[in-house]
Protein chains: 2
Amino acid sequence: MQQFLEQSKKISREIATLSGEVKNKVLNEMADALIEHSDFIVHNNSKDMQAAEQENLSLDLKDRLLLTNDRVKAMANAIRQIANLKEPVGRTLDGWVTENGLNIQKVSIPIGVIGIIYESRPNVTSDTAALCFKSGNVCILKGGKEAQHSNKAIADILRNVLAVNKLPEQAISLLPNSTRQGVAEFIKQDKYVDLLVPRGGEALIKFISQNATIPVVKHDKGLCHTYIDKFADGKKAIEIAINAKCQRPGVCNSMETLLVHKDVANYVLPPLHENFMSKNTQLRGCEETVEYIDIPLATQEDFDTEYLANILSIKVVKDVSDAISHINKHGSGHSECIISENYSVVNKFLNEVDAACVYANASTRFTDGGAFGLGAEVGISTNKLHSRGPMGINDLTTFKYKIYGNGQIR
Amino acid sequence: MQQFLEQSKKISREIATLSGEVKNKVLNEMADALIEHSDFIVHNNSKDMQAAEQENLSLDLKDRLLLTNDRVKAMANAIRQIANLKEPVGRTLDGWVTENGLNIQKVSIPIGVIGIIYESRPNVTSDTAALCFKSGNVCILKGGKEAQHSNKAIADILRNVLAVNKLPEQAISLLPNSTRQGVAEFIKQDKYVDLLVPRGGEALIKFISQNATIPVVKHDKGLCHTYIDKFADGKKAIEIAINAKCQRPGVCNSMETLLVHKDVANYVLPPLHENFMSKNTQLRGCEETVEYIDIPLATQEDFDTEYLANILSIKVVKDVSDAISHINKHGSGHSECIISENYSVVNKFLNEVDAACVYANASTRFTDGGAFGLGAEVGISTNKLHSRGPMGINDLTTFKYKIYGNGQIR
């Protein structure tokens with residue numbers, strides 16, 4: 001492991017200085033290669049699918065795992081889109097001249113060596129490899145055991161393109177020892193690895209956060225709220241609430257708890273109830289909620305639960321301050337929304353809610369790199385540092401100061 | 001501890017939304033209060049000085065610890081300067097409108113609760129408390145035992161100003177349990193504390209980096225190089241090299257190793273030798289260096305040592321690539337300098353050296369917040385993430401996305 005990582009670090013200096021021209025040529029060739037070897041990928045994926053069958057994985061998990069020629073085409077297209085992104089390295093982030101004439105330039109540079117730890121979907125392998133390469137980083141990928149043959153096939157194809165271009169294959173690697181012990185050792189190699197991005201279940205993320213000595217950007221849970229204010233537009237309120245919960249209940253930016261101002265609960269809850277019934281959403285309400293609509297009583301636990309399912313807890317609150325307090329106490333700092341036409345109330349909510357993304361009058365479902373217009377996404381950070389919210393390619397860079405002098409001494 | 005930190009977290013939401021007007025008024029009153037109670041501070045400092053005497057601390061350490069009325073005045077002035085800095089919270093860092101009309105604003109916000117762990121100098125207490133307050137953060141300070149009476153006196157005065165202004169005193173706190181065990185517990189409270197900034201010796205920083213579950217921005221060692229290129233201006237080379245080593249040898253941005261291009265070693269080393277002799281610098285050279293000047297041979301260890309003293313190791317290198325390799329292998333990623341008049345060589349060096357600050361033709365001694373024009377500094381980060389190099393007040397902020405919609409659903 002030590003030797004492998006030392007080499008990764010060394011290679012990262014070479015990859016960091018590649019021109020955009022070279023990187024984009026290689027990325028487009030990677031896309032071509034995936035399509036050319038589509039059958040090879042699908043064949044290897046079928047080994048994972050067989051194992052999944054034997055281990056009785058859920059239909060949902062099997063669907064995530066499955067690769068078809070069409071899905072490989074989509075992976076290739078994603079790489080081409082990444083090649084088209086604006087060059088992330090070498091952007092001037094700030095710059096000024098000091099009194100004594102030092103010209104200081106703050107410039108974006110690659111982070112170095114990035115470890116990505118993820119589960120299930122094999123397309124993450126090609127997406128993140130391409131994102132890391134485009135941003136001048138070396139990546140070390142640790143996918144799930146259930147996708148091992150698929151991931152290896154994809155990585156082999158990408159690495160071969162690197163080799164053909166006389167670039168070090170190790171710029172894109174699978175973690176050599178991907179046992180639990182291997183991972184435990186890996187996440188302490190802060191001498192060689194600059195950033196870890198874990199994407200996956202709560203247990204995985206907790207294990208890494210608690211044990212890593214490398215900086216971690218988590219892609220953690222989303223316990224998102226929508227608050228319908230006294231001054232909400234009723235039509236928007238219902239449309240947004242339904243969308244935030246039902247459009248795709250199993251994802252991190254969907255709503256888990258709906259908060260309703262007490263003065264409008266009477267008007268808003270009955271039509272909401274009707275709409276959610278038509279979507280088969282299971283509702284659970286606080287004591288005040290159940291006075292207005294006939295649904296089961298929520299437990300205290302409900303308000304701390306990320307259902308990731310078509311279930312919603314509802315709470316009546318006194319006012320916007322009460323809503324903010326509830327969110328700051330129970331939310332996960334992911335995406336939070338207010339529905340209101342009142343200028344000051346909206347501003348108060350956006351300022352005081354502590355979350356990566358705070359929305360006025362729009363569905364929380366927009367929290368992702370694509371919807372934000374950032375292009376392909378590395379993940380959605382629930383960290384407060386180093387990046388936050390949808391992570392685009394620029395979030396895979398850090399910076400250095402270049403200082404141009406002409407003999408200055410102190 | 002749990003209860004105290006829970007309260008800190010809660011308070012951080014209140015402090016985060018204070019206006020610049022209120023913060024600056026309070027900061028100026030803090031400066032006034034320090035001066036008003038200068039004798040009280042000096043009196044408490046004398047208790048620490050007595051203990052230092054009994055424990056036979058070095059003259060240098062005692063000087064760092066000592067507070068006089070003049071030094072208290074300097075602390076007050078530093079707070080006034082911090083009050084004068086541009087408001088760090090609420091800056092629009094980026095902003096755009098998506099195709100479907102979402103107006104996305106990326107806005108700077110306070111980090112939340114920040115733990116600062118430091119040694120010796122009591123002025124760090126007032127400096128960092130003021131920086132954290134100005135940037136809307138709650139700070140929890142853990143100073144050295146040797147400065148305990150001074151730190152408590154300073155904190156008490158600042159907290160009293162908070163109380164007079166009806167603000168929560170706990171916005172500026174000393175860590176309640178500052179034993180080693182208390183610190184070990186504290187650095188794992190990632191639920192309540194958002195960032196740790198350790199400033200101090202290598203053992204302290206290592207302990208925190210290895211054991212914290214809270215993100216850490218280190219203020220670590222500086223093993224800085226200056227490289228005199230074949231195309232260097234001889235006069236600049238000598239002036240900058242002498243300044244980088246001798247102006248203040250005990251600090252992190254001073255030079256520890258000088259690299260010299262083989263083609264100019266013959267011309268540059270003898271006058272450098274003479275100049276360093278006049279500054280009483282102890283020189284140690286590689287095998288090639290000692291062919292030109294009469295100094296002891298350096299060991300391999302020398303090139304990995306941060307002397308923090310008037311000692312310098314010298315190495316002759318083949319060319320700029322050799323210099324870059326040496327620096328990337330032995331440097332600490334702090335501050336590195338090239339002296340050269342050649343355009344392409346300078347660019348190569350600035351691009352390929354992996355360090356927070358890379359200089360062309362200027363002394364590495366300029367790596368600090370003041371010299372950079374950032375105002376008072378939190379520290380000099382040797383992290384690659386979340387901040388890097390001199391940390392000004394803006395480095396005590398993170399960001400959120402505010403998304404202004406008008407009914408968008410997905």
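In this predicted model, the contact draws 65 residues from chain B and 65 residues from chain A, contact meaning heavy atoms within 4.5 Å. Putting the two together buries about 5,600 Å², with carbon and sulfur atoms giving 55%; that's accessible area (1.4 Å probe) lost by the two parts and summed over both. On the chain B side, L385(B), Y401(B) and R410(B) supply 14% of the area buried against chain A, more than any other three residues.

| Link between chain B and chain A | Value |
|---|---|
| Salt bridges | 5 salt bridges |
| Polar contacts | 40 residue pairs, both at pLDDT 80 or more |

A salt bridge here is a side-chain nitrogen of Lys or Arg within 4 Å of a carboxyl oxygen of Asp or Glu. R13(B) forms one with D354(A), the closest N and O atoms sitting 3.4 Å apart. A polar contact is a pair of N or O atoms within 3.5 Å; within protein, one must be able to donate a hydrogen and the other to accept it, and residues adjacent in sequence count only if both atoms are side-chain atoms.

Which element gives the most to the side of chain B that touches chain A? That's β15(B), with 11 residues. Strands here are DSSP runs of E, at least two residues, numbered from the N terminus. β15(B) also runs parallel to β12 (residues 357–362) of chain A, joined by 5 bridges; pairing takes at least two DSSP bridges. Within this pair, A362(A) stands opposite Q408(B).

Residues are numbered from 1 along each chain as its sequence is written, and chains are lettered from A and ligands numbered from 1 in the order in which they are written. Local features need pLDDT of at least 70, side-chain atom pairs count only at pLDDT 80 or more, and totals for chains, interfaces and linings use all residues, while side-chain values use heavy atoms, leaving out hydrogens and water.

Methods: Helix = DSSP H or I, 4+ residues; strand = E, 2+ residues; numbered from the N terminus.
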